[in-house]
Amino acid sequence: MRSAQVPMMMQTMTEVKNLWFPIEQRLKEPVPALLEFPRYFEIETVNACNARCPMCTIDDWDRRDGLMKMDLFEKIANEIGEHTQEVTRVHLYRDGEPLLDKTLATKVAMLKGRGVKRVGISTNVALLDEERAEGLLMAGLDEIILSIDSLRAGVYEAIRKNLHFDQVMYNAHNFITKRNAGKYNTQVWVRMIRQKSNYDEWEHYQRYWKSCLKETDRIDYRDLHHWGGQLIGFDREPRRSDTKPCVALWSLMVIFANGDVPRCNVDYNNKHPVGNVKNSTIRELWQGEIQNTVRRDHLEGIRTSICNGCDVWTEKR
């Protein structure tokens, strides 16, 4: 098995290490180790959604991949299971609503059975009924992100179109109650996508959810972003630019429902394909020349296509 190729174009190792510094500072690992295997995965087990949110790209999707086949998921899980010392987290979602996958709990249990340390999902909560909640908790889910953008019904339903505020709040509280009563170790994150219509809510939002959650849970927000310049025509708070190399290139692999691997989680239509895990290993794709070329560009301050102006991984102030 060949060792990872360290992408560099500078004259001396000292100069290269200086360029690596922001990556190693944020990821807390040396770059050569990071290039051995991804630390984080986002695996899209289903490419569909029950909502139509204005900050989402669903109306621009060219992909209609449907449900990931179980044999493909098992191939992915087997390889990840061989690298559990390196893999920090596997999230079973990307561009769809994961609870539309009726085999989701089985897939969580498969990863946990292979020794993956942390398995999570992010959901809009609308489908988190009794059966799904129980199945995920019993499967050993480590982390669930409840995406709830407002505590005001009108604001919420204007953002999360096709969903109903009262049902979402009921499901969220019911899940938290079941988690607590069953003494499961699942960590709950409640997350707001912060935008102009809900920007004034953040302090109240924090206080409300803090009263409902354990100290080990988390309340978080993410600001709107434009998907590497691909999503046009929405208002957001200004964000600072970041010219440092993108940490996602050294840490995250996205796998779509059909097995395609895009450049990163912004590349929702796979305009910049890396390969497919049906006919390549994860390690081969991670260490391949396609990704290493983009890494070299970032180290040299070159950002093209969707990387140019992308602020998804810009740190909060």
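**Sheet, helices and one arginine**

Analyst: In this predicted model, seven strands form an open sheet with parallel pairing, in the order β8-β7-β6-β5-β4-β1-β9. The twist from one strand to the next averages 20 degrees.

User: Which are the edge strands of this sheet?

Analyst: The order of the open sheet begins with β8 and ends with β9. Each of these two strands pairs on one side only, and the edge strands are therefore β8 (218–223) and β9 (252–255).

User: Which residue in β8 does Met192 stand opposite?

Analyst: Strand β7 covers residues 187–194 and runs parallel to β8, to which six bridges join it. Within this pairing of β7 with β8, the residue that stands opposite Met192 is Tyr221.

User: At about what angle does helix α7 run to β7?

Analyst: Helix α7, which comprises residues 165–181, lies across both β6 (143–147) and β7. Angles over 145 degrees count as roughly antiparallel, and the angle at which α7 runs to β7 is about 160 degrees.

User: Is α3 roughly parallel or roughly antiparallel to α4?

Analyst: Two packed helices are described by the angle between their axes and the distance between the axes. For helix α3 (residues 70–81) and helix α4 (residues 104–113), the axes come within 10 Å and cross at roughly 25 degrees. Because angles under 35 degrees count as roughly parallel, the relation of α3 to α4 is roughly parallel.

User: How many nonpolar residues does the contact of α3 with α4 have?

Analyst: On the α3 side the contact is made by Met70, Phe73, Glu74 and Ala77, and on the α4 side by Thr106, Lys107, Met110 and Leu111. By class, one residue in this contact is polar and two are charged, while the number of nonpolar residues is five.

User: Does Arg63 count as buried or exposed?

Analyst: Arg63 lies in the loop between β2 (46–47) and β3 (66–67). The cut-off for a buried residue is under 20% relative accessible area, and because Arg63 has 7% relative accessibility, it counts as buried.

User: How far apart in space are Arg63 and Asn269, C-alpha to C-alpha?

Analyst: Leaving aside neighbours within four places in sequence, Arg63 is in contact with Glu44, Asn47, Asp95, Phe256, Tyr268 and Asn269. Although Arg63 and Asn269 are 206 residues apart in sequence, their C-alpha to C-alpha distance in space is 6.3 Å.

Terms used:
Residues are numbered from 1 along each chain as its sequence is written. This is a predicted model: local features need pLDDT of at least 70, side-chain atom pairs count only at pLDDT 80 or more; totals for chains, interfaces and linings use all residues. Side-chain values use heavy atoms; hydrogens and water are left out. Helices (H or I, at least four residues) and strands (E, at least two) are DSSP runs, numbered from the N terminus. Axes are lines fitted to C-alpha atoms, for helices over the stretch in contact, and angles run from 0 to 180 degrees between N-to-C directions. Contact means heavy atoms within 4.5 Å. Angles under 35 degrees count as roughly parallel, over 145 as roughly antiparallel, 65 to 115 as roughly perpendicular and the rest as oblique. Ala, Val, Leu, Ile, Met, Phe, Trp, Tyr, Cys and Pro count as nonpolar, Asp, Glu, Lys and Arg as charged, and the others, Gly among them, as polar. Buried means under 20% relative accessible area, exposed over 50%, partly exposed in between (1.4 Å probe, protein chains only).
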